[in-house]
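Dear colleague,

Please find the structure below, handed over for your use. My notes on salt bridges, surface patches and selected residues follow it.

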Amino acid sequence: MPIVPVLPVRDIVVFPGVIAPLFVGRPHSLKSVEEASVSDKNLLVVAQSDNSSEDPGPDDLYSVGTMCHVIQMVRLPDGATKILIEGHVRARVNEYVDAGDYLAADAVPMNYEGNFSVRAEPLRRAVLEQFERYVNLHPKLPIEIAHSLAGVEDPFLFADVIASHIQVKLSERQELLELLNPEERMDCLLRLLVRETELLEMEHSIHDKVRREIERNNKEYYLREQLKAIQAELGQPDVTPEHEELMDKIKKAKMPKDVEKKAVAELDRLSKMPSMSAEATVSRTYIEWLSGMPWRKRTQDRLDLGIARSVLDEDHYGLDEVKEYILEFLAVQRLKGKETHRGKVLCFVGPPGVGKTSLGKSIARALNRKFVNFSLGGMRDEAEIRGHRRTYIGSLPGRIIQKINQAGVKNPVMLMDEIDKIGMDFRGDPSSALLEVLDPEQNRDFTDHFLEVSFDLSQVLFITTANVAHTIPRPLLDRMETISIPGYVAEEKLHIAERHLWPKILKENGLTKFNVKMSDKVLGRIISEYTREAGVRGLDRQLSRIARKLAAKIVNDHENGKKRTVSVTISAASVKRYLGAPKLHEARLPRKDSVGAAMGLAWTESGGDVLVIETAVMQGTGKVIFTGNLGDIMQESAQAALGYLRSCASKYSLGSIKWDKTDIHVHVPEGAIPKDGPSAGVTLALSMLSALSERAINSRIAMTGEITLRGTVLPIGGVREKVLAAKRNGITSVILPGENSVDVDELAQWAKDGMTFNFVSNVDEVFNMALGKTGAR
């Protein structure tokens with residue numbers, strides 16, 4: 001066959017038997033069309049595989065096209081050319097040829113010479129039926145196309161005409177062109193038609209749904225407007241069921257008059273807005289929040305002191321200061337009767353796990369009040385407290401108003417956790433917003449940005465919790481009554497485990513019917529060898545672990561046919577089997593008198609602890625070395641202690657020491673743990689004097705106290721924790737500053753039993769009590 005000019009086309013596949021108009025603008029394409037028209041040659045129309053190419057070459061074209069005849073060629077005023085072509089036969093390109101001004105090809109016609117099977121006619125009818133459905137659903141195809149195909153018997157022409165009308169991907173149309181067998185072509189057509197018909201049906205369903213919704217909204221709008229017009233003619237007020245419902249809520253809420261006036265005004269505004277507008281949604285939400293607030297609802301306080309005491313004792317062991325405060329609060333309420341009592345703000349400060357949050361729940365139960373809580377930890381947005389202004393869609397009141405609404409009364413117990421971990425950033429300072437909330441003189445007129453009306457918070461009992469007080473902003477701390485909840489000692493943990501933890505854990509693990517017994521000795525071993533904390537969360541985890549293993553053992557014994565377990569006793573020997581080897585060991589404290597090793601008492605967030613301060617003296621250049629991760633304040637205390645010793649060197653027989661040739665090394669073991677604070681001053685002075693004078697220190701005495709350059713011993717904090725740490729470690733004699741004697745008087749009797757307290761005002765007294773004669777290191 002002779003070489004024929006090639007016309008590359010984009011986004012279209014021309015099929016045999018189909019007449020199609022084309023617009024030609026590329027110079028090479030125009031040359032191909034002119035060559036075919038002038039020489040009366042066939043024109044090979046081939047689709048581009050890459051539509052982005054403006055000057056397609058052989059690599060950009062498919063290898064199968066359609067031989068076409070140019071029926072008409074018209075030049076348009078804009079320079080483009082419109083042609084009308086008719087497809088005759090498929091052709092496969094053997095080779096593309098560059099004919100100079102245009103692209104040509106050596107192409108061979110593709111003719112099908114096989115026979116038709118019995119499937120051909122049923123397949124044709126199925127394709128025609130599916131095509132009719134497709135045309136009915138397609139908005140751009142006239143139904144006459146399907147009717148004209150009913151009389152087409154030629155399977156070649158039938159398949160090609162349908163293929164030219166369905167709107168599918170270019171690659172799928174090219175695949176139809178390359179299928180020579182009409183039956184295979186109709187199979188492929190049927191699959192494509194079924195898929196496209198389903199897609200069109202889904203589109204119609206979506207459009208119908210949207211149209212019906214729009215029509216319904218328009219109908220409602222027109223009917224509502226007509227109703228307004230009728231009511232206006234009849235002189236009746238414009239009231240809808242929604243308006244009546246909201247008005248009923250406003251009346252039932254028993255708001256203050258100024259608030260009710262604002263709510264009614266907002267309701268009038270809402271009635272004039274389109275119901276589907278965003279502003280109407282904001283206005284409706286605002287009215288619902290106003291009408292949902294407990295403006296007058298409150299619970300009646302239970303004023304029976306005996307019941308309140310039993311409830312608090314039932315839930316918590318110890319914590320006498322907190323319990324006394326609650327009983328005092330109830331007593332005042334009882335005496336004042338119905339007179340308004342100014343709200344109080346409590347702040348529970350203590351280490352994790354001592355029961356601060358659960359104590360808030362117990363207080364609410366004792367007072368017969370509703371309890372709500374939320375966490376302030378990590379809060380950085382002021383709007384979390386004061387609320388968002390209603391200019392924003394989706395805005396809500398702050399957490400305070402939300403919790404009041406949740407409680408349903410105006411006098412709940414509201415606990416705000418982790419007030420010491422509140423933050424601030426560019427969105428504001430939540431701690432500053434809390435100043436108004438927690439001030440009893442101001443919070444009776446608290447105004448949330450969302451509500452824009454004042455709400456009385458004076459009857460709310462606010463409780464905050466913190467692990468430390470020094471990170472709480474000072475103005476905020478000044479508004480709260482701080483109650484310190486110290487860590488528990490072993491004896492208290494034992495009582496808590498017996499009364500609260502172990503019974504609760506047995507119930508949670510389904511062991512109440514098995515008479516599980518655990519002695520005080522076993523509990524004490526778990527406390528001392530497997531937990532070291534101020535609270536009881538770790539103890540709870542260890543006891544829960546024992547309960548789970550015990551439950552698994554009982555179930556396994558039952559499944560293996562063993563005798564049903566009636567009673568279980570957890571012995572000291574079985575603790576290791578349940579919990580593994582002990583995780584903690586006793587502190588390595590000096591058990592005999594030694595030189596340079598003094599025992600100090602320290603306060604930590606997890607309770608008290610005993611520190612061993614060691615000092616070594618050696619020849620050197622007069623340096624003082626500190627190791628053991630000591631903080632700046634502790635190093636300054638050591639320098640002050642050394643300064644006092646050097647200033648009184650003759651008094652302590654240190655006159656012969658050449659300070660410029662002597663190095664002093666102070667070390668506190670457990671260097672991975674940071675240590676700081678001024679209360680180790682007397683211990684540091686004693687340790688240094690012992691090392692310098694080579695006099696042994698009494699290993700049965702521990703001490704604490706800040707020292708000055710004149711040797712005066714100043715008072716310190718954390719006496720309870722420090723005394724209990726000494727008692728826990730078997731130390732019976734403690735040296736304390738004289739001004740801390742009042743703190744010792746407040747200790748429980750069991751904490752003082754067996755202990756000797758030595759109160760001092762000058763470091764000389766410490767030396768006289770703790771230093772012996774010259775002794776071995």
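**Notes on the structure**

Lys-549 is found in helix α19, residues 537-559; helices (H or I, at least four residues) and strands (E, at least two) are DSSP runs numbered from the N terminus. This is a predicted model, in which local features need pLDDT of at least 70, side-chain atom pairs count only at pLDDT 80 or more, and totals for chains, interfaces and linings use all residues. Residues are numbered from 1 along each chain as its sequence is written, and side-chain values use heavy atoms, with hydrogens and water left out.

**Surface patches**

Lys-549 counts as partly exposed because its relative accessibility is 36%; buried means under 20% relative accessible area, exposed over 50%, and partly exposed in between (1.4 Å probe, protein chains only). Together with Arg-545, Arg-548 and Lys-583, Lys-549 forms a patch of positive charge on the surface. Patches are made of residues with over 30% relative accessible area and no salt bridge, like charges being joined within 9 Å and nonpolar side chains (Val, Leu, Ile, Met, Phe, Trp, Tyr) within 5 Å. Lys and Arg count as positive and Asp and Glu as negative, while His and the chain ends are not counted; the place of a charge is taken as NZ of Lys, CZ of Arg, CG of Asp or CD of Glu. Accessible areas come from the Shrake-Rupley method with a 1.4 Å probe.

A patch of negative charge gathers Asp-320, Glu-321, Glu-324, Glu-328, Glu-481, Asp-745 and Glu-746. Helix α11 (residues 320-336) gives the largest share of the negative patch, four residues. Glu-481 belongs to strand β13 (residues 481-484) and is partly exposed at 36%.

Ile-206, Val-210 and Ile-214 make a nonpolar surface patch of about 270 Å². Of these, Ile-214 lies in helix α6 (residues 182-234) and is partly exposed, with a relative accessible area of 45%.

**Salt bridges**

A search of the whole structure finds 33 salt bridges, each a side-chain nitrogen of Lys or Arg within 4 Å of a carboxyl oxygen of Asp or Glu. One of them joins the side chains of Glu-172 and Arg-195 (2.8 Å, N to O). Glu-172 lies in helix α5 (residues 170-178) and Arg-195 in helix α6, so the pair ties together parts that are 23 residues apart in sequence. Glu-172 is buried at 14%, whereas Arg-195 is partly exposed at 32%.

Arg-216 and Glu-213 also meet in a salt bridge (2.6 Å, N to O). Being three residues apart in helix α6, Arg-216 and Glu-213 are separated by about one helical turn.

**Buried residues**

Ala-685, in helix α22 (residues 681-693), is buried at 0% relative accessibility. Leaving aside neighbours within four places in sequence, Ala-685 is in contact (heavy atoms within 4.5 Å) with Ala-641, Leu-645, Ile-707, Val-763 and Phe-767. The C-alpha atoms of Ala-685 and Leu-642, 43 residues apart along the chain, are separated by 6.6 Å.

Asp-764, in helix α26 (residues 763-770), counts as buried at 19%. Not counting residues up to four places away in sequence, Asp-764 touches Tyr-644, Lys-651 and Tyr-652.

Gly-628 sits in the loop between β19 (624-627) and α21 (632-647) and is buried at 8%.

Yours sincerely
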